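Dear colleague,

I am handing over the structure that we spoke about, and I would be grateful if you could look through it alongside the notes below.

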Amino acid sequence: MKFSVKGDKLVDSLSKLNSVIPTRSPLPILDNILFELTGNELKLLASDLEIFIRTTVEVDGKTDGKVAIPAKRLLDISRTLTSASLTLEVNEKNRISIKTTNGKYTIGGEPAEDFPVPEEKTGMHKLELEGTMMRRCLSKTIHAVNTDELRRNMAGVLLDVNKNELKFVATDGFRLAKIIKDNFKIQSEVEEKIIIPLKTGNLILKLNNNDDTVIDFDENDLKVTFAGIEIFSKLIDDTFPSYENVIPKDNNKILKISKTDLSNSLKRALIFADVITKRVKLEISNSSMQIKADNPEIGSEGEETIDCNFVSNDAAEDFDKTPFVIAFNAGYLLDAVSQMETEEINISFGSPSKAAISTPSEQLANENFIELIMPVRVG
């Protein structure tokens with residue numbers, strides 16, 4: 001195999017693949033990247049056996065071939081030669097020589113046949129998403145994914161596809177994020193629910209810069225393609241919780257409040273809250289809200305008041321006479337608030353033991369986004 005390529009072009013592709021190369025692996029071959037040259041098209045493949053990433057680079061091809069090259073060593077040398085033109089040549093013993101105008105470097109490779117490759121399937125369901133949609137929907141929900149390995153059915157983002165809308169949902173049992181989109185490029189003819197693993201979702205967010213995305217999937221496997229990158233992943237083989245049952249339909253108290261004021265106040269409250277429970281208590285009146293936090297173990301406490309507008313569908317309720325009191329994990333509440341893109345946000349409540357729902361004051365066209373937060377004991 002022999003080809004020439006600019007150093008910065010090679011570094012760009014190697015850096016993307018580096019995201020999935022394991023730091024420690026029982027299979028030494030996974031420390032490598034598989035290079036496969038056909039004409040002027042160079043395909044690079046990396047894997048940790050859970051996920052495969054493949055990128056395609058246009059090069060000046062001389063001789064077709066394939067080889068597995070140590071990833072770290074190649075990336076380290078390439079990073080020092082970003083402005084140079086590199087010529088890589090592989091001999092029959094898988095020795096790789098890297099030549100520049102001023103130097104020559106040689107490293108040992110491994111047989112390409114030893115490197116695992118993803119299963120290429122046909123007949124999978126296909127979904128095409130416009131540039132910002134995949135990234136937006138994942139970024140709006142992935143923070144709520146469960147990281148407890150015992151609850152595997154929550155360890156990813158649900159992609160719920162039907163003929164009229166697309167839902168992304170994540171929950172860890174304490175909070176839930178859901179975004180609904182109904183403006184795909186091509187509407188699907190299949191109704192399916194798949195769970196994208198957390199690691200795969202984070203990788204998509206890291207590599208996708210609002211590029212048009214094609215999703216191919218069946219009941220077991222996922223392939224995500226964008227901007228010359230292919231990501232192959234197993235899906236979570238489990239049933240996502242019946243999340244619709246936990247979303248209140250009749251929260252009758254509406255809080256309208258400044259996102260900036262609430263966010264800043266919660267950040268300060270976290271400093272004084274218990275480090276384990278992160279509990280903050282909200283005492284809400286008609287036009288103001290007190291936020292209280294304390295940690296008796298170290299003798300810290302904080303309290304402040306911010307403006308708001310709080311109304312109930314029950315006209316008889318007067319919150320100046322009897323404030324509405326509820327408590328939350330401040331970290332979860334702050335996460336929910338931070339996802340809102342409007343300066344004014346709405347939070348609806350039922351009772352102090354019932355989930356609250358946060359929404360932006362105005363939804364984007366063809367979108368419905370909510371954050372659900374379960375309360376904790378007021379104490």
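This is a predicted model: local features need pLDDT of at least 70, side-chain atom pairs count only at pLDDT 80 or more; totals for chains, interfaces and linings use all residues.

Residues are numbered from 1 along each chain as its sequence is written, and side-chain values use heavy atoms, with hydrogens and water left out.

The protein chain has six helices and 26 strands, where helices (H or I, at least four residues) and strands (E, at least two) are DSSP runs numbered from the N terminus. Its C-alpha atoms fill a box of roughly 85 × 50 × 35 Å, taken along the principal axes. Among contacts (heavy atoms within 4.5 Å) between residues at least 6 apart in sequence, 66% join residues at least 24 apart.

Nine strands form an open sheet with antiparallel pairing, in the order β14-β11-β12-β13-β26-β25-β24-β18-β22; two strands count as paired if DSSP finds at least two bridges between them. The edge strands, each pairing on one side only, are β14 (192–197) and β22 (309–312). From one strand to the next, the twist averages 20 degrees, with axes taken as lines fitted to C-alpha atoms (for helices over the stretch in contact) and angles running from 0 to 180 degrees between N-to-C directions.

Within this sheet, β13 (residues 175–181) pairs with β26 (residues 367–373) in the antiparallel sense over seven bridges, and the bridge partners in β26 include E371 for A177 and L372 for L176. β13 also pairs with β12 in the antiparallel sense, over six bridges, and here A170 has A177 as its bridge partner. The hairpin of β12 and β13 has three residues between the strands, and G173 takes a positive phi near 95 degrees there. Seven of the seven residues of β13 are buried: R175, A177, I179 and K181 point one way, whereas L176, K178 and I180 point the other way.

α3 is mostly covered, with eight of its 11 residues buried, among them M133, M134, C137 and L138. It packs against helix α4 (residues 198–207) at an angle of about 130 degrees, with the axes 10 Å apart. That angle makes α3 oblique to α4, on a scale where under 35 degrees is roughly parallel, over 145 roughly antiparallel, 65 to 115 roughly perpendicular and the rest oblique. In this contact, M134, R135, L138 and S139 of α3 meet G201, I204, L205 and K206 of α4.

With best wishes

Conventions: Buried means under 20% relative accessible area, exposed over 50%, partly exposed in between (1.4 Å probe, protein chains only).
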